[in-house]
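Subject: Model handover

Hello,

Here is the model we talked about. Please load it first, then read the notes under it.

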Amino acid sequence: MLVSQTESNKYFGKMVIGRIQQGKISLGDKVQAVDSEGKIVEVNKVMKIVKKFGHHELDLKTAYAGDIVSIAGIAQGRVGNTLN
């Protein structure tokens with residue numbers, strides 16, 4: 001997933017937003033944020049996955065390729081980072 005935007009959540013802090021390119025991501029999965037130079041920025045656990053439908057938010061346990069989601073747990077993630 002390429003991080004295209006960030007947002008703030010009052011309970012979970014920073015959330016990164018992007019479209020999952022391949023595979024799936026589930027709550028509790030360990031993911032790493034990688035910068036454009038290929039350096040690992042952070043390795044952490046997925047705390048929350050949210051998919052938005054207009055003004056409604058849906059909490060997911062698993063998101064799949066093609067889904068545009070917000071993910072909490074990657075505090076150091078920035079726009080342009082890739083989540084593996």
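Ground rules first. This is a predicted model, in which local features need pLDDT of at least 70, side-chain atom pairs count only at pLDDT 80 or more, and totals for chains, interfaces and linings use all residues. Residues are numbered from 1 along each chain as its sequence is written, and side-chain values use heavy atoms, with hydrogens and water left out.

Overall fold

The protein chain has zero helices and ten strands. Both are DSSP runs numbered from the N terminus: helices are H or I with at least four residues, strands are E with at least two. The chain's radius of gyration is 12 Å, close to the 12 Å that the globule rule gives for 84 residues, so the chain is as compact as a globular protein of that length. That radius is taken over C-alpha atoms, and the rule is 2.2 Å times the number of residues to the power 0.38. Along the principal axes, the C-alpha atoms fill a box of roughly 35 × 25 × 20 Å.

Of the 84 residues, 37% are buried. Buried means under 20% relative accessible area, exposed over 50%, and partly exposed in between, with a 1.4 Å probe and protein chains only. Among contacts (heavy atoms within 4.5 Å) with a separation of 6 or more, 56% join residues 24 or more positions apart.

Core

The largest nonpolar core holds 15 residues. Such a core is a set of buried Ala, Val, Leu, Ile, Met, Phe, Trp, Tyr and Cys residues joined through side-chain atoms within 4.5 Å. Met1, Ile25, Ile49, Ala63, Val69, Ile71 and Leu83 have the most contacts inside it. β4 and β9 (68-72) are the elements that give this core two or more residues. Leu83 touches Met1, Val3, Val16, Gln32, Ala33, Ile71 and Ile74, leaving out residues up to four places away in sequence.

Pocket

The largest pocket has a volume of about 210 Å³. A pocket is an open set of points on a 1 Å grid over the protein atoms alone, where a 1.4 Å probe fits, with protein on both sides within 12 Å along at least five of seven lines; lining residues have an atom within 4 Å of a point. The volume is the space filled by probe spheres set on the points, which are joined across faces, edges and corners.

Its lining has 13 residues, with Met1, Gln22, Lys24, Leu83 and Asn84 nearest the centre. β3 (24-26), β4 (30-34) and β10 (82-83) each supply at least two of the lining residues. By class, six are nonpolar, four polar and three charged.

Three residues

Glu42 sits in β5 (residues 40-45). Glu42 counts as buried because its relative accessibility is 11%. Beyond four places in sequence, Glu42 touches Val31, Gln32, Ala33, Gly73, Ile74, Ala75, Gln76 and Gly77.

Lys61 is in the loop between β7 (56-60) and β8 (62-64). At 69% relative accessibility, Lys61 is exposed. With neighbours within four places set aside, Lys61 contacts Ile25, Ser26, Leu27 and Ile49.

Val79 lies in the loop between β9 and β10. Val79 is exposed too, at 57%. Leaving aside neighbours within four places in sequence, Val79 contacts Val3, Ser4, Gln5 and Thr6.

Best wishes

Notes: Nonpolar A, V, L, I, M, F, W, Y, C, P; charged D, E, K, R; others polar.
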